[in-house]
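Trainee: Would you guide me through the reading of a structure of two chains, feature by feature?

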Amino acid sequence: MNNLELLTFARGTALDWSLALCCAGIVLRLFETLGLGRQADLAMPRQGGPGSGWRTIVTRSLPPPGMFQRDALTYVAGYVFHLGLFAIVVLFVPHIQLIRGVIGVSWPGLSSPLVDALTVATLAALLALLLHRLSHPVKRMLSGFEDYLSWLLTVLPLLTGYLAYHHLLLEYTLMLAVHILSVELLLVCLPFTKLFHAVSLFLARWYTGDAYARRGTAA
Amino acid sequence: MVQGKISSPLPGTVGEGLARRGVSRREFLRFCTTLASLMALPPAMAQTLAQAISKARRQSVIWLSFQECTGCTESITRSHSPTLENLIFDLISLDYHHTLQAASAAAAEEAREQAMKDNAGKYLLVVDGSVPLANPGFSTIAGISNHDMLVETAQGAAAIVAVGSCAAFGGLPRAKPNPTGAVAVGDIIKDKPIINVPGCPPIPVVMTGVLAHFLTFGGIPELDPLGRPKAFYGETIHDHCYRRPFYDQGKFADTFDDHGARHGWCLYKLGCKGPVTYNACATLKWNEGTSFPIQSGHGCLGCSEPNFWDAGNFYQALSMPVTPVQGAVGAAAAAGAAAGVAVTWHNRTKKAAAKAAHATLSVQDLKK
C-alpha cells in the first residue's frame, strides 16, 4: 500500500468504520445512561433559588471563587486547550469541508496561519497540563491510565495535523493519512473512555444543577 | 540504417547534429542552463551538461507502447514543437516507436530487433502504457503479447524509462476493477534500473530532462521512493502553486464561476489534489510554459500519483470522505440504539432483581 492508497483508506473505509463506531457508541452510552432512570423526587421543589440545570452547564466551566488564584495554570491551560481545540476542529477550512461531506452544512473558516498559531498554543497548553499532572503530587495520585490515554488520543491529531501542515517528519501524503487515522482512533475511543465527557458533560451538569435547584441551592 | 527509423540519418555526436540543424551554441547553452536548473544542479553544471550532451553519441531509444491512449506521445512530440527540447529528442536515435515510425508490420518489428542487436546493453527502453496480465491477448503487437515484448526488449536495455502513469503505476487501465489485470513496468521488470516519469500525460520537458541526465551522467537521476526523479517530483504542486497564498489566507473558490474563481482563489474546496501530488506542473507548466490545469481554473487531479483514479471524487476536497458516510452512520446509530435498549433492559432487570432480593433490616436484626 503506497501513501496515497493509505490516505484513500483513511478517507474511505477507515472513516466509515470510525464514524459508525463513534456514533453507535455514543447512542449506546446515552441509552445506557438515561435508561438507568432515577427515583422519583416526591418533595416539592424550591422556588426562586439560585440553582438551575441550564445555568450549571455554563457555571461549571468557570472557576469557583479563589480557585483561579490557587491553580491558575490548570485554568489557563485548560481554557486554551479546550477553546483552541474547538476552534481548530470547526474553523479550519479542510475540517469544515469534512463536516460538509458528512452532514452537509458548512460555514466560513479562519485563515490557515491563524489555525496554525492556535494549534501551537493548544499543543503547548496540553504539554503544560501533562507536565503539571506529572509533577503535582495530588494530580499524579488521582491520575490513572485512562487519563494519560485520553491525553495521548487528543494530542496525536493535533501534533500530526501540525506536522502535516508544515511538511515535517514524514512525507505530506503519509502524514496526512496518519493525521486522519489518529482522528479516527480518537473517534472510536471517544464513547468508551473519559473522552465521552465531550457529550456527557452537558447531561451531567444539567442533571446536577437541576437536582440542586430543586433543593434550593446552586450546584 | 534500419528500415523504419524515424530520425533522419545524423551520424556522429549530438553536438554535430545540432550544428547541422543550425542550433547555435548560445541557444544550446541556454537550454542546458535551464536543464541544470530543472534538475536542481548547480549553475556551473550547465557547462558540463553542454559538453557531455554535445559529445554524446546519439542514444538509441526503443519506445514500446502497450495499454495506453497515446497521450504521452502526443505530449512529448507536439507540446514543445519545434523548440530545442524537440531537437534534442529528434537527435536521439529513436529506433522503434510504432505510432511515429513510417514502417509497419514486419519491417517495424525488424527495426526493433535490429536496434536491440546493434545496441545490446546500451539502448534506452521507453515504455508507455500498462501491461495486461489477465489475458495476453488483451493487447498485442505483431502477435507478441505486451508482457513478452517487454521482457524480451528489457533484457538488453541499459535502463528503462516508464513514461506516463500507466507504465509507471498501471494508470487508468489499473483502475478498479482492473479488468485486464494491468500492471506497471516495475511490477514485471526487476533487474533493470527503471525511471518512472508519471503523469497523464507527463510534462514534455521532464522527459527531455531525464534523457539529458542519462546522456550526461550515464546513469539514472536521484529517484524518490516511487522511482520518480526527485528533480521534477520532489515537491508538491501545492507548494509551488501561485494560488497558495489564497489557501493560506483562507480564500477559496466555492464553484467554478463564483467571485473566488474569477479572482484566482484556491481550488481546494473544488477538489484540487495539489497538496498530495508530486509533480512540476506549477513550475514548468505546459505548452511552452504557458499554463497548467490550476492556472486555467481546474483543480489538480493528482495524475502523477499511483492509483489516482481510485483516490476519491475529483471534485471533492481532499479532506472529504471518499464515499458517502451517511448510510453507515445511520445504520450504526440504529445498531447503537438497539444495543442501548438491550443494555437498558439488562440493567433494569438486574436492578429489579436486586431490589427484589433486598431484605429489609430492622433494629432488632442489627442488635443480633
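**Reading a two-chain model**

Mentor: Let us begin with the interface: 37 residues of chain B are in contact with 38 residues of chain A. Please keep in mind that this is a predicted model.

Trainee: Which elements give two or more residues to the side of chain B that touches chain A?

Mentor: An interface may be read by element and then by residue class. Here the elements of chain B that meet this criterion are helix 13 (244–249) and helix 16 (326–357). Helix 16 of chain B provides the largest share, 13 residues. By class, the side of chain B that touches chain A comprises 21 nonpolar, 12 polar and four charged residues.

Trainee: What is the secondary structure of chain A?

Mentor: Chain A has 11 helices and zero strands. Its C-alpha trace spans about 65 × 40 × 35 Å along the principal axes. Of the 219 residues in chain A, 32% are buried. As for contacts within chain A between residues at least 6 apart in sequence, 75% join residues at least 24 apart.

Trainee: Turning to chain B, what is the strand order of its open sheet of five strands?

Mentor: In chain B the order is 2-1-3-7-9, and the pairing is parallel. Strand 2 (93–97) and strand 9 (194–197) of chain B each have a single partner strand, so one side of each is left without a neighbour in the sheet. On average, neighbouring strands of this sheet are turned by 20° against each other, direction ignored.

Trainee: How many bridges join strand 7 of chain B to strand 9 of chain B?

Mentor: Four bridges join strand 7 (residues 157–163) of chain B to strand 9 of chain B, and the two run parallel. Within this pair of strands, Val161(B) stands opposite Ile195(B) of strand 9.

Trainee: Which strands of chain B does helix 6 touch, and which does helix 10 lie across?

Mentor: For helices packed on a sheet, one notes the strands concerned and the angle. Helix 6 (residues 105–118) of chain B packs on the sheet and touches strand 1 (60–65), strand 2 and strand 3 (123–128) of chain B. The direction of helix 6 makes about 135° with that of strand 2 of chain B. Helix 10 (residues 204–217) of chain B lies across strand 3, strand 7 and strand 9, running at about 160° to strand 9 of chain B.

Trainee: Which residues have the most contacts inside the largest nonpolar core?

Mentor: In soluble globular proteins, nonpolar side chains tend to be buried together. In this model the largest nonpolar core has 134 residues, and those with the most contacts inside it are Leu125(B), Val127(B), Ile160(B) and Ala162(B). Helix 2 (residues 13–35) of chain A gives the largest share of this core, 12 residues. Domain 1 (14–233) and domain 2 (237–310) of chain B both contribute residues, so the core lies between them. Beyond four places away in sequence, Val127(B) touches several residues, including Leu64(B), Phe66(B), Ile160(B) and Ala162(B).

Trainee: How many residues does the contact take from domain 1 of chain B, and how many from domain 2 of chain B?

Mentor: The centres of the two domains of chain B, taken over C-alpha atoms, are separated by 27 Å. Their contact takes 20 residues from domain 1 of chain B and 14 residues from domain 2 of chain B. On the domain 1 side, helix 8 (164–169), helix 10 and helix 11 (230–233) of chain B each supply at least two residues. That side of domain 1 has 12 nonpolar, five polar and three charged residues.

Notes. Residues numbered from 1 in each chain as written. Chains lettered and ligands numbered in written order. Predicted model: local features only at pLDDT ≥ 70, side-chain atom pairs only at ≥ 80, totals over all residues. Contact = placed C-beta atoms within 7 Å. Nonpolar A, V, L, I, M, F, W, Y, C, P; charged D, E, K, R; others polar. Pairing = 2+ DSSP bridges. Axes fitted to C-alpha atoms, helices over the stretch in contact; angles between N-to-C directions. Core = buried A, V, L, I, M, F, W, Y, C linked by C-beta atoms within 7 Å. Buried ≥ 20, exposed ≤ 12 C-beta atoms within 10 Å, placed from the backbone. Domains from an automatic or database assignment.
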